[in-house]
Amino acid sequence: MLLHPDSQPTGLPTVGHRRSYGTLPEDRKLGVGIVGLHEGHTLLVALRASGLCRAVAGCDLSAEKRESALAAAPHVWVTDDYAAMLARPDVDIVAIYTPDSLHADQIVAAFEAGKHVICTKPLVNDPAQADRIREAARKSGKRLQVGQSTRFGEPFQRQREEFEAGRIGAVEVVDAHYNHRMDWYYEKSPWTVDTTHWAYLGLSHPVDLCRWYLGPIREVHAYGTTTALGQRFGMKTPDAISAQLVAESGAIGRVLGNYGFHELPKARALIECFLMGSEGSSLARYPDLRFNRHDENGVEVEEDFHHAMTGYYYRHELKGMHYGEFCNYTDYFASCLLNNRPNSPDLEEGLETVLLMGAIVESLQTGRSAAVPR
Ligand SMILES: NC(=O)c1ccc[n+]([C@@H]2O[C@H](COP(=O)([O-])OP(=O)(O)OC[C@H]3O[C@@H](n4cnc5c(N)ncnc54)[C@H](O)[C@@H]3O)[C@@H](O)[C@H]2O)c1
């Protein structure tokens, strides 16, 4: 069953109640080795639905995480030694889901081992790492896909299809946010308080969405504050950030990330991307599987994928999991590799987003606008 037979400008057909990027027999699927088996466990399970990839290996320092990976996927080889996983010939793609500050070294090591890489967001949390990652990629000739999950949710894929079909005209303003109360995350993963910055960890979702529609960003101006919740957990940098962006085209965007507020999930979704175009507007939401747009008569239309696609995106667990998005970007990347097509966001686009987030941190620190380095 085709959910949107008239809307496949990106060549990404929806089959059944999910997206499909093609299928291969089991023994020809690309092997994925996953490092970091908390969020990476989601990918391990998500790959059961994959048409082009299969999980072959998992790596985590925690014995508990390795055991739980084996319980979910008994065929997978597990280790606590990343170098041993990189040495395996059945690993074609290394997928990285460790704390942000480890990504740069692990990406470089994966390229040096001759592997393609998927790295979760944020790609890295330090713009100074860009050159050595670029150099490792160039030497290896291998490719990287940023696991920018939000882009790969159903409403955001539909929003992109409508944009690429020209139905909202030129995007003039983007208003994107990722707001999420994070006490549970600080308790689960203390590294999120003191080894990264929320301008990378959280803001990477709306910043990537703005860049996706506005193209290269010229300048940013950001303000931040540390919420009472952030202060309670010892946060030394802002956990609520608002940034204004100006694109090289002159179009503008604003991003908001608040990680210490009281959520109103019926009124506002955790992630929203509101596009205001010359011919119409559209709004995509996460975790709600809803997408609003104008039709050709200017009538507001809501597409609601809850009934059709909750099983694929969330496996009927609580909304807020990432199964469908992770499977989408892994299969999308595999299809680009197998067909020798460019992928997005690739390493260069991912690094541009990192430089943009770096400029947001600079503006927070100086109180002035910051130019985004190219
Ligand atoms: N929407 C998304 O795509 C999404 C959602 C949540 C988290 N993330 C990203 O995923 C990454 C991990 O987040 P998380 O919530 O799973 O963190 P976490 O703290 O729950 O898990 C990190 C895991 O990495 C393991 N680990 C740490 N160092 C390691 C090493 N050197 N070798 C092997 N394993 C190691 C830890 O034992 C732990 O199991 C972060 O970069 C985060 O931003 C992305």
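Visitor: Which strands does helix 6 (residues 154-164) lie across?

Guide: This is a predicted model, in which local features need pLDDT of at least 70, side-chain atom pairs count only at pLDDT 80 or more, and totals for chains, interfaces and linings use all residues. Residues are numbered from 1 along each chain as its sequence is written. Helices (H or I, at least four residues) and strands (E, at least two) are DSSP runs, numbered from the N terminus. Two residues are in contact if their C-beta atoms, placed from the backbone, lie within 7 Å. Axes are lines fitted to C-alpha atoms, for helices over the stretch in contact, and angles run from 0 to 180 degrees between N-to-C directions. Helix 6 lies across strand 9 (171-178), strand 13 (271-277), strand 14 (281-286), strand 15 (290-294) and strand 16, and runs at about 160 degrees to strand 14. Helix 10 (residues 204-214) also packs on the sheet, where it touches strand 9, strand 10 (217-225), strand 11, strand 12 and strand 13. The direction of helix 10 makes about 165 degrees with that of strand 9.

Visitor: In what order do the strands of the open sheet of 9 strands stand?

Guide: Strands of a sheet pair through backbone hydrogen bonds, either parallel or antiparallel. Here two strands pair if DSSP finds at least two bridges between them. The order in this open sheet is 16-15-14-13-9-12-11-10-17, and the pairing is mixed. Strand 16 (300-304) and strand 17 (370-371) are the edge strands, each pairing on one side only. Strand 11 (residues 240-247) and strand 12 (residues 252-258) run antiparallel and are joined by 7 bridges. In strand 12, isoleucine 252 stands opposite valine 246.

Visitor: How is the pairing described in the open sheet of 6 strands?

Guide: That sheet has parallel pairing, with the order 5-4-3-6-7-8. Its edge strands, strand 5 (77-79) and strand 8, each pair on one side only. On average, neighbouring strands of this sheet are turned by 25 degrees against each other, direction ignored. Cysteine 59 stands opposite threonine 79 in strand 5. Helix 4 (residues 103-112) packs on the sheet and touches strand 3 (30-35), strand 6 (93-96), strand 7 (116-120) and strand 8.

Visitor: Into which domains is the protein divided?

Guide: Domain bounds come from an automatic or database domain assignment. The division is into domain 1 (14-149) and domain 2 (150-305 + 347-371). Their C-alpha centres lie 25 Å apart. In the contact between them, 18 residues of domain 1 meet 20 residues of domain 2. Helix 5 (130-140) and strand 8 (144-147) each supply at least two residues of the side of domain 1 that touches domain 2. Helix 5 gives the most to that side, with 4 residues.

Visitor: Which residues touch the most other members of the largest nonpolar core?

Guide: In soluble globular proteins, nonpolar side chains tend to be buried together. A nonpolar core is a set of buried Ala, Val, Leu, Ile, Met, Phe, Trp, Tyr and Cys residues joined through C-beta atoms within 7 Å. A residue is buried if 20 or more other C-beta atoms lie within 10 Å of its own, exposed if 12 or fewer, and partly exposed in between; C-beta atoms are placed from the backbone. The largest core has 106 residues, of which Leu203, Val220 and Ile360 touch the most other members. Helix 14 (residues 347-366) gives the most to this core, with 9 residues. Isoleucine 360 touches Ala199, Leu203, Val220, Ala222, Ile241 and Ala243, not counting residues up to four places away in sequence.

Visitor: Is glycine 153 buried or exposed?

Guide: Glycine 153 counts as buried, because it has 25 C-beta neighbours inside 10 Å. Glycine 153 is placed in the loop between strand 8 and helix 6. Apart from neighbours within four places in sequence, glycine 153 is in contact with Tyr286, Tyr313 and Glu325.

Visitor: Where do cis peptide bonds occur?

Guide: Most residues other than glycine have a negative phi, and most peptide bonds are trans. A cis peptide bond joins lysine 121 and proline 122, with omega about -15 degrees. Another cis bond joins serine 344 and proline 345, with omega about -5 degrees. Proline 345 lies in the loop between helix 13 (323-338) and helix 14. Asparagine 340 is found in the loop between helix 13 and helix 14. Although not a glycine, asparagine 340 has a positive phi of about 55 degrees.
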